[in-house]
Amino acid sequence: MQDESIIDSPEAVAVIGLAGQFPKAKNVDEFWERLRDGVELVSFYTDEELLAEGISPEQLKNPLYVKAGAMMDDVPMFDAAFFGYSPREAEILDPQQRHFLECAWEALENAGYDSDRFDGLIGVFAGVSVNNYFLQNLIARPDLIQTMGTFQIGISNDKDFMATRVAYKLNLKGPSMNVQTACSTSLVAIHVACQHLLNGECDMALAGGASISLHSKNGYLYREGGIQSSDGHCRAFDAKAQGIVGGDALGVIVLKRLSEAIADGDHIHAVIKGSACNNDGSLKIGFTAPSVEGQARTIAEAHAMAGVTADTITYVEAHGTGTNLGDPIEVAALTKSFRQTTDRKNYCAIGSVKSNLGHTDAAAGVVSTIKTVLALENKMIPPSLHFEEPNPQIDFAGSPFFVNAQLREWTAGANPRRAGVSSFGIGGTNAHLVLEEAPPATPSS
């Protein structure tokens with residue numbers, strides 16, 4: 001039976017604006033082009049480039065040193081005057097917060113809204129990664145700290161002030177809060193934003209996250225048994241998967257209750273049908289380990305909140321870290337949750353944006369969401385890279401899933417196109433969204 005129209009669902013939330021910055025892609029449009037074309041956004045550096053960055057010759061000779069990273073360009077750039085900052089104020093501000101502020105403005109602009117003229121409450125829900133700028137730069141500048149004062153240095157660099165900084169600079173008067181759950185931070189932020197919208201605590205919401213490492217050109221030491229890849233490639237679900245490479249990115253999405261977005265004539269990129277969040281608890285092998293039970297519960301709960309069955313979901317943007325431990329657990333959890341409502345096999349594509357740009361930490365969830373929203377809007381599923389043979393610990397043949405290794409036209413059946421997005425944080429906080437393509441737009445006169 002075909003589902004009822006999403007317009008009639010009071011639980012739905014519309015995605016009406018997008019903005020982001022990524023390695024080798026300065027905005028969302030460039031990001032989609034790279035994803036569609038199967039481009040890897042990780043850079044591989046020459047010895048000359050790394051020597052110029054201060055990496056020692058001894059380090060470069062180490063066979064375990066991996067000369068790769070997925071870093072953003074133009075990190076030092078910031079339009080300080082536009083946001084009312086003096087050059088000195090901008091200098092002490094965490095670059096993650098600088099760029100997130102720019103993205104928040106761009107996302108609202110993409111949605112077609114001026115926050116000063118919007119007649120309603122706009123909330124901000126976001127998280128950020130470790131502030132390397134403070135640790136590597138400001139802490140070694142006692143002259144700057146003395147000039148500006150420790151209080152000003154603190155509020156310009158502490159995680160607590162990213163969301164409220166956006167609210168202050170853009171005059172947003174809804175709830176404004178930081179969300180921090182490690183790797184699942186920005187997807188949990190989106191979930192929390194949806195809950196506040198559905199509870200009537202705001203009329204629009206900005207949600208997302210930022211992660212900028214500041215290593216313009218730098219590699220890392222591979223350690224066997226660790227989570228980092230031995231060659232700089234992330235091979236999600238592949239037999240050769242050995243881990244991730246670190247990546248920079250940030251993203252912001254603008255959310256609104258679906259009925260109001262339709263009534264207001266907003267451009268709807270996609271719809272969040274339902275979301276869920278939980279924690280693994282203690283019944284697993286360790287604090288940093290993933291859990292089949294925990295992941296399966298949150299996925300099943302998201303399906304229930306969305307009012308959909310698993311057989312109507314035809315793509316999953318997985319957490320997909322490309323580790324021997326994480327990938328089999330994730331597919332087992334997905335299979336367990338899907339098996340509650342379907343026995344079908346190999347009908348649902350699965351992929352991971354980490355195969356393009358590595359693990360972006362606090363921004364990983366919003367990057368995955370932006371990818372999936374763009375896929376729904378363009379009716380194409382981008383390829384998940386570096387997949388040749390399935391991890392032998394994963395029973396794809398008996399599961400609902402297959403790895404989407406090539407660009408695929410996303411066809412629709414009796415139901416609208418639907419997707420799941422997963423993000424799981426170290427420490428056990430799991431989140432999952434159910435996304436659906438936008439309803440047909442009403443022709444304008």
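Tutor: Let us begin with accessibility: a residue is buried under 20% relative accessible area, exposed over 50%, and partly exposed in between (1.4 Å probe, protein chains only). Cys234, at 1% relative accessibility, therefore counts as buried. Cys277, at 27%, counts as partly exposed. This is a predicted model, in which local features need pLDDT of at least 70 and side-chain atom pairs count only at pLDDT 80 or more, while totals for chains, interfaces and linings use all residues. Residues are numbered from 1 along each chain as its sequence is written, and side-chain values use heavy atoms, with hydrogens and water left out.

Student: How is pLDDT to be read here?

Tutor: pLDDT is the predictor's confidence in each residue, from 0 to 100. The protein chain averages 94, and 97% of the residues score at least 70. Over residues 1–9, however, pLDDT stays under 50.

Student: How many disulfides are there?

Tutor: A disulfide is a pair of cysteine sulfur atoms within 2.5 Å. By this rule the count is zero. For Cys234, the nearest cysteine sulfur belongs to Cys183 and is 12 Å away. For Cys277, the nearest is that of Cys194, also 12 Å away.

Student: Where is Thr298 placed, and which residues does Thr298 touch?

Tutor: Helices (H or I, at least four residues) and strands (E, at least two) are DSSP runs, numbered from the N terminus. Thr298 lies in helix α12, residues 292–306, and at 0% relative accessibility it counts as buried. Contact means heavy atoms within 4.5 Å. Leaving out residues up to four places away in sequence, Thr298 touches Ala276, Cys277, Asn278, Asn430, Ala431 and His432.

Student: How does one describe the packing of two helices?

Tutor: Two packed helices are described by the angle between their axes and the distance between the axes. Axes are lines fitted to C-alpha atoms, for helices over the stretch in contact, and angles run from 0 to 180 degrees between N-to-C directions. Helix α12 packs against α13 (residues 326–338) at about 40°, with the axes 8 Å apart. The pair is therefore oblique, since angles under 35 degrees count as roughly parallel, over 145 as roughly antiparallel, 65 to 115 as roughly perpendicular and the rest as oblique. Among the residues that meet are Ile299 and His303 in α12, and Ile329 and Phe338 in α13.

Student: Is Ala70 buried or exposed?

Tutor: Ala70 is buried, with a relative accessible area of 0%. Ala70 sits in the loop between β4 (68–69) and α4 (87–92).
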